[in-house]
Amino acid sequence: MSMSPSSTAPTIDAALSLSSATKSFGAVAALTNGTIEILPGEIHALVGENGAGKSTLVKILAGVHQPDSGRFVIDGAEVTFKSPADSKAAGISVIYQEPTLFPDLTVAENIFIGRQPRGRLGLIDRPTMRARARELFSRLGVPIDPDRVAEGLSIADQQIIEIAKAISLDARILVMDEPTAALSGVEVERLFAVSRSLRDRGTGILFISHRFEEVFDLCDRITVMRDGAFIATHATADITVDGLVREMVGRDIATLFPKQEATIGEAVLSVSSLTRVGVFSDISFEVHAGEIVALAGLVGAGRTEVARAIFGIDRYDSGTVHMSGKALRAHSPQSAIDAGMGFVPEDRRKQGLVMDLSVARNATLTLRKKLARFGLINSKDERRAAEEWSARLQVKTGSQDLSVATLSGGNQQKVVIAKWLATSPRFLIVDEPTRGIDVGTKAEVHRLLSELAVQGIAVLMISSELPEVLGMADTILVMHEGRISARLSRDEATAEAVMHAASATSESAE
Ligand SMILES: Nc1ncnc2c1ncn2[C@@H]1O[C@H](COP(=O)(O)OP(=O)(O)OP(=O)(O)O)[C@@H](O)[C@H]1O
Ligand SMILES: [Mg+2]
């Protein structure tokens with residue numbers, strides 16, 4: 001058996017091998033050479049820039065898309081999937097970033113939907129179904145109640161349920177498209193432990209992520225894609241991060257975190273004793289012109305909740321928010337926007353975009369009011385503003401007129417960022433600005449944030465990525481259980497100090 005790097009010949013004992021698959025959507029060639037081989041008992045990473053064709057390849061494996069050409073072999077036999085059901089029947093289970101459970105059904109019902117165990121008289125045998133679900137969870141080592149409804153479960157738990165379902169279906173291939181994007185560190189560890197134990201029992205796993213630490217920590221082999229085409233497959237031990245990046249982007253990239261020195265001016269945003277009972281309390285800080293303040297902490301520490309309250313999306317019980325000395329009305333995004341505040345939300349698919357509208361319309365959605373006020377609005381201006389920001393962020397789309405729903409996940413995120421940058425805010429909140437964004441564009445987003453600061457804009461950045469926090473921020477506020485547990489200046493901040501203040505074991509960083 002040959003496992004030499006960049007070998008494309010199907011290995012005899014591969015569980016799955018796709019070679020030279022192509023897929024176009026109208027004029028857009030999403031995939032020009034979709035090639036991947038997954039062995040039983042390996043965890044195989046698929047990496048590439050936003051729009052490289054990873055999700056399109058996954059959807060071919062899942063039977064969602066039919067390839068225009070190519071060869072697809074499972075266990076030595078060529079297959080053609082006409083639907084997702086065919087893919088399932090062939091032993092492939094796919095877990096998407098946003099799980100697809102039925103919210104009204106119980107956990108056990110979700111696992112066994114369509115194939116519930118039945119007793120005499122053909123009635124659903126609930127006790128058996130429950131017991132089997134419980135058995136699956138104990139095997140996975142997670143305490144989830146099979147009888148609760150799926151609604152309200154964390155994304156992490158929903159993913160584990162999808163995995164339980166995959167196991168109960170005896171899936172031999174498990175595909176996970178950016179499963180960790182919305183998980184906290186502990187949840188990622190749990191997902192990895194489960195993945196490793198499945199691998200050790202012979203399951204072949206395909207894992208997609210933009211985070212290199214995860215790829216190198218978890219995966220046995222790595223396949224790189226660029227512009228819809230296979231570039232190479234490597235054993236993880238044979239490749240470095242730099243080598244991988246070069247293959248992904250086809251060039252060396254500028255350094256991450258290119259922070260420029262900005263002059264820090266007067267306070268633009270002042271938050272004083274902001275409290276929402278049970279969620280966050282006594283939050284006070286300022287963000288000055290030219291300053292980037294990072295809000296660090298674990299997922300669930302209350303960072304997004306504070307940001308939403310500042311912007312007026314959520315209410316708060318006491319405290320004040322001032323922009324340049326002027327108090328903002330509570331619970332009024334309009335008041336915040338009028339005062340020059342912008343907000344790039346964390347969940348960009350749900351909160352940031354209108355999926356059916358075109359890229360151009362989405363990018364200019366917040367701009368319309370401003371342009372209309374000066375009688376300037378027309379489709380030419382709209383197009384120009386959208387094109388300018390989309391180009392700077394390297395949004396990959398066939399045309400500005402396509403609906404954003406057709407963009408790759410990372411490219412949708414860029415449209416939301418472009419939209420807010422185009423409003424020229426004086427104070428900008430960015431919640432997890434580079435989540436789901438590839439390594440090349442990440443550098444570009446960091447450069448943009450840094451440039452905005454140099455232009456005198458005040459920036460509040462929520463980020464779970466320590467290198468991003470340490471690399472970009474002038475001041476770091478660490479939140480723990482709804483309170484600010486540490487304030488660190490750029491000079492005194494270290495990874496240890498931030499983690500220490502963020503974790504449950506301490507109240508302050510020394
Ligand atoms: N239904 C569709 N109609 C038109 N274009 C599409 C469609 N689906 C995907 N594309 C295009 O195909 C290309 C590949 O997209 P894909 O979603 O596979 O990228 P990806 O590698 O998963 O990126 P990301 O890391 O951002 O998730 C993109 O340019 C995308 O806009
Ligand atoms: Mg994708």
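Bear in mind that the model is a predicted one. Setting aside neighbours within four places in sequence, threonine 475 is in contact with Glu291, Ile292, Val293, Ala294 and Leu488. Glutamate 492 sits 17 residues away along the chain, and its C-alpha atom is separated from that of threonine 475 by 9.6 Å.

Now to a pair of helices. Helices α4 and α5 pack with their axes 10 Å apart, at an angle of about 110°. Angles of 65 to 115 degrees count as roughly perpendicular, so α4 is roughly perpendicular to α5. The table shows who takes part.

| Helix | Residues | Residues making the contact |
|---|---|---|
| α4 | 126–140 | Leu136, Phe137, Arg139, Leu140 |
| α5 | 155–168 | Ile160, Ile161, Ile163, Ala164, Ile167, Ser168 |

Sorted by class, this contact of α4 with α5 has eight nonpolar residues, one polar and one charged.

Which of them supplies the largest share of the lining? That is α16, with four residues. By class, the lining of the second largest cavity has ten nonpolar residues, with no polar and no charged ones.

Note on methods:
Residues are numbered from 1 along each chain as its sequence is written. Chains are lettered from A and ligands numbered from 1 in the order in which they are written. This is a predicted model: local features need pLDDT of at least 70, side-chain atom pairs count only at pLDDT 80 or more; totals for chains, interfaces and linings use all residues. Side-chain values use heavy atoms; hydrogens and water are left out. Axes are lines fitted to C-alpha atoms, for helices over the stretch in contact, and angles run from 0 to 180 degrees between N-to-C directions. Helices (H or I, at least four residues) and strands (E, at least two) are DSSP runs, numbered from the N terminus. Angles under 35 degrees count as roughly parallel, over 145 as roughly antiparallel, 65 to 115 as roughly perpendicular and the rest as oblique. Contact means heavy atoms within 4.5 Å. Ala, Val, Leu, Ile, Met, Phe, Trp, Tyr, Cys and Pro count as nonpolar, Asp, Glu, Lys and Arg as charged, and the others, Gly among them, as polar.
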